[in-house]
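User: Could you walk me through a few local details of this model before I set anything up?

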Amino acid sequence: MGRTSNDNEFWRPPEEFPAPAAQMTPPPEEFGSGGVSAPAAKKKRRLHWLAAAVAMGLLSTVSLFSGAVKAVPEPVVSPTPMAVVAAAPTLTPKPPLDHTPSPSPVPTAVPAPTAEPTVTPKPTPEPKTVPAAKLTFYRTSEVYHGTVVLEAQDKMTAVTARIWDRVLEETMWEYPFTAEDIARGWYTFPEFDLGASEFARNHWDQLMAGYEPDPILEVVCTARTDDGEETFTEQAEAAYELWISDRYDLKNPDEDFLHYFLEETTYPDCFVVRMDPSPYGELNMTYGEDVELQPGDVSVILKAGGQRLSGDGWHMEKTVIVREEGTFYAYALVIPRPDSLPEHGSVEIAITRKFIHYPTSMATNIHAIEY
């Protein structure tokens, strides 16, 4: 059964299928911390289709109990009666009392405490940022997408990105960064459609004979260091992300080639966003922007004349497909055409996806649908 997405995923002779209009893919907000290259999804594919990869602190309270010292009274002794003496004894006069006070003791001078020297903490030096390039590179069918994020770009003097075939050692696409690209610190390259590329035209016979290219993204940077200028290279294989297509399904299914020719389910007079069959059975497709996406999830917004459409009546369809090689799941977000829209015209669609192989990153594609 054929693919339900746009025609760019099929191999076709170059003169009949020109490259599609470029989609805008702003850099994900997590780039710089999250754009970690993921291993490519190794799938054998042919170019007519692609099926689809947080101590606890223990506070010890010591209670000090002071023992009160109790005074023990001496036992009271009754006085012994005095014996009566016949003659009173002669009293010897006592010397007069000396009322001269004793000299007060001279207090010993207490030395003034010596001031502790003030220790000035040394500032912690900031870690040096090493020039680097972080790559996000993925493919949807035969269309390749990527973003390059630079670190310590103020030290970089030149950056070049290219997609190339390691087997044939041939460059498929190349772009030297401008001074503005380097100063900005990132660059998202346009979609590279392998099937509609000059590389495919030049190697058409090989492709038709079964040759399957495996393009990689390579970025070469030249930066100033303490030892002078140095050049380093970063490479990334393309991770496989799900192909997402969008279209307007015609009112009359009998006139819709997707229905009568490809024998696919259609949703008459609706805008439909589809994800190709994949082994992922717990994905979500929603309408609106205030949605927390999980890896692989998609959200959609429609606009007409610059105004966002409510999307009333939207719903997600999930189809289970059992094949010899396993169970697959196809998803479709169905948005009925609002009554406020004329029967024919154009709407702007924004599709935001969270990547499966780059789970901290997202991308939004915006383009028009004629209906």
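Analyst: Buried here means under 20% relative accessible area, exposed means over 50%, and partly exposed lies in between (1.4 Å probe, protein chains only). This is a predicted model, in which local features need pLDDT of at least 70 and side-chain atom pairs count only at pLDDT 80 or more, while totals for chains, interfaces and linings use all residues. Residues are numbered from 1 along each chain as its sequence is written, and side-chain values use heavy atoms, with hydrogens and water left out.

User: OK, is Asp-193 buried or exposed?

Analyst: Asp-193 counts as buried, since its relative accessibility is 7%, and it belongs to strand β5, residues 186-193, where strands (E, at least two residues) and helices (H or I, at least four) are DSSP runs numbered from the N terminus.

User: And what does the side chain of Asp-193 reach?

Analyst: The side chain of Asp-193 reaches the backbone nitrogen of Gly-195 at 3.1 Å.

User: What about the phi of Ala-152?

Analyst: Ala-152, also not a glycine, has a positive phi of about 55°; this residue is in the loop between β2 and β3 (156-165) and is buried, with a relative accessible area of 9%.

User: How many disulfides are there?

Analyst: Counting pairs of cysteine sulfur atoms within 2.5 Å, the total is zero disulfides. Cys-221 is buried at 0% relative accessibility, and Cys-270 is buried at 10%.

Terms used. A polar contact is a pair of N or O atoms within 3.5 Å; within protein, one must be able to donate a hydrogen and the other to accept it, and residues adjacent in sequence count only if both atoms are side-chain atoms.
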